[in-house]
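Subject: Structure handover

Hi,

Here is the structure to look over. My notes follow below it.

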Amino acid sequence: MSLIANTPTPPYYCVVFTSEMAENIEGYATMGQTMIELAEQQEGLLGMESAREQLGITVSYWRSLADIKAWKLNAEHLEAQRLGREKWCSSFTLRIAKVEREYSFNGE
């Protein structure tokens, strides 16, 4: 299975969440896994990609802006957002963009 999301032909939307972690991240990994599992159940999610070193970047792909808004307002996701601001992230930026083109290479 590829680590790169298999997205449909554009257009679609992406949410790019970039974060720097605070010193104490106890509980973050568990919440992160819970959010992945919950997001996968959401209407309109097309896929996700994530990487973490000093800087964490998670990109989720969505069918519509309405689907993104519904995910943002999900009660469990709201709790994760609160904890992120209060405990786990020293800073973060969230960007929403419309994907109009994509190009791929799979090594074959």
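T34 has 30% relative accessibility, so T34 counts as partly exposed (buried is under 20% relative accessible area, exposed over 50%, partly exposed in between; 1.4 Å probe, protein chains only). This is a predicted model: local features need pLDDT of at least 70, side-chain atom pairs count only at pLDDT 80 or more, and totals for chains, interfaces and linings use all residues. Residues are numbered from 1 along each chain as its sequence is written, and side-chain values use heavy atoms, without hydrogens and water.

T34 sits in helix α1 (helices are DSSP runs of H or I, at least four residues; strands are runs of E, at least two; both are numbered from the N terminus). T34 and L55 are 21 residues apart in sequence and 20 Å apart in space, C-alpha to C-alpha.

Which residues of α1 are buried? They are M31, M35, L38 and A39. They cover an arc of only 95° around the axis, which puts them on the same side of α1 (the arc is that of the directions from the helix axis to the C-beta atoms). A29 and T30, on the other side, are exposed.

The buried residues of α1 pack against β2 (45–52), α2 (65–72) and α3 (75–88) (contact means heavy atoms within 4.5 Å). The crossing with α3 is made by Y28, M31, M35 and L38 of α1, and by E76, H77, A80, L83 and W88 of α3.

Best wishes
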